[in-house]
Amino acid sequence: MLVAGAAAASMALTPAAAGAQEFINILTGGQAGVYYPLGVALEKVFADNIEGARPSVQSTKASVENLNLLQDGRGEIAFSLGDSVKAAGEGDEEAGFAQPLDKLRVIAAIYPNFVQIVASAESGIESLDDLKGKALSVGAPRSGTELNARQIFQAAGMSYDDLGKVEYLPFAESVELMKNRQIDATLQSAGLGVASIRDLASAIPIKVVAVPQEIAETLGAPFVSEPIPAGTYEGQDEDVQTVAIVNYLVTHSDVSDDLAYAMTKAIFENLDQLKAAHAAANAISIETAAEGAPVPLHPGAERYYKEAGAL
């Protein structure tokens, strides 16, 4: 007990315990997605490179929930799809934002999410039109993935009413239903090589369904047409065209300029650790990190980009 008491007293004298803690709650997504492993990597990066940092990782329903949590001050940095950030800034109620979220500030544009529609080979689904009458999981309700699903169907002249069954489930649960032949397909908006689809492709024969270029053209920015390269998943032997949306790391205006600067600096000076956590991070580049933000850059992040010659 004496030893423990001495240790506690020693800890009480450290700078962090003396009141210099920087609590950094990192808002991510489901553990089978890309946000979560990158969030875990960020936790270590922040702990090792920001003095007094006390980072933690929170698994959430991703984009929409993350942005609402940031607005309420219940997180310091979050992952989100660009279209969700745009909808939040505009106060798109249908997208899950009752009013404009005026506190949101961008830290960095990171990597693109690819809308990945994957059907079981035995379902016979070859195209978007073939989804009519079939059972599809479109992601957790009002998640960034589910918003993408609605947008794509609308651009294709379809709606959920055209489907035989709609499930609103996160990635891992969607995959389990497909393995058990309870649904025919899953739509997942994530980085390439997402663990859930890799798991599915190793368990059953799959078909990656194309989203034609004209869908991206109809949707417009921030959507672009991009291929899912051949070999991304087991059994996928050719490139498959789909739509992609840039992801952002977002914070809020109550986060100090110094902390926002420190987080931005830590991210770009330790990109190797993020790349080791998930291949999607290979697309992160300081040259494009400050471009096209749907809401303002945080002044702390802006200061880092100017110092680094990227803005």
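**View 1. The second largest pocket of this predicted model holds about 320 Å³ of space.** A pocket here is an open set of points on a 1 Å grid over the protein atoms alone, where a 1.4 Å probe fits, with protein on both sides within 12 Å along at least five of seven lines. Its volume is the space filled by probe spheres set on the points, which are joined across faces, edges and corners. Lining residues have an atom within 4 Å of a point. There are 26 of them around this second largest pocket, with Gly-29, Gly-30, Lys-61, Ala-62 and Phe-171 closest to its centre.

View 2. Helices (H or I, at least four residues) and strands (E, at least two) are DSSP runs, numbered from the N terminus. By class, this lining splits into 11 nonpolar, 13 polar and 2 charged residues (nonpolar: Ala, Val, Leu, Ile, Met, Phe, Trp, Tyr, Cys and Pro; charged: Asp, Glu, Lys and Arg; polar: the others, Gly among them).

**View 3. Now for the largest pocket, at about 410 Å³.** Its lining takes in 19 residues, and Asp-92, Ala-95, Leu-147, Gln-151 and Gln-154 sit nearest the centre. Helix H5 (82–90) and helix H6 (144–155) are the elements giving two or more residues; H6 supplies the largest share, 5 residues. The class count is 10 nonpolar, 3 polar and 6 charged.

Residues are numbered from 1 along each chain as its sequence is written. In this predicted model, local features need pLDDT of at least 70 and side-chain atom pairs count only at pLDDT 80 or more, while totals for chains, interfaces and linings use all residues; side-chain values use heavy atoms, leaving out hydrogens and water.
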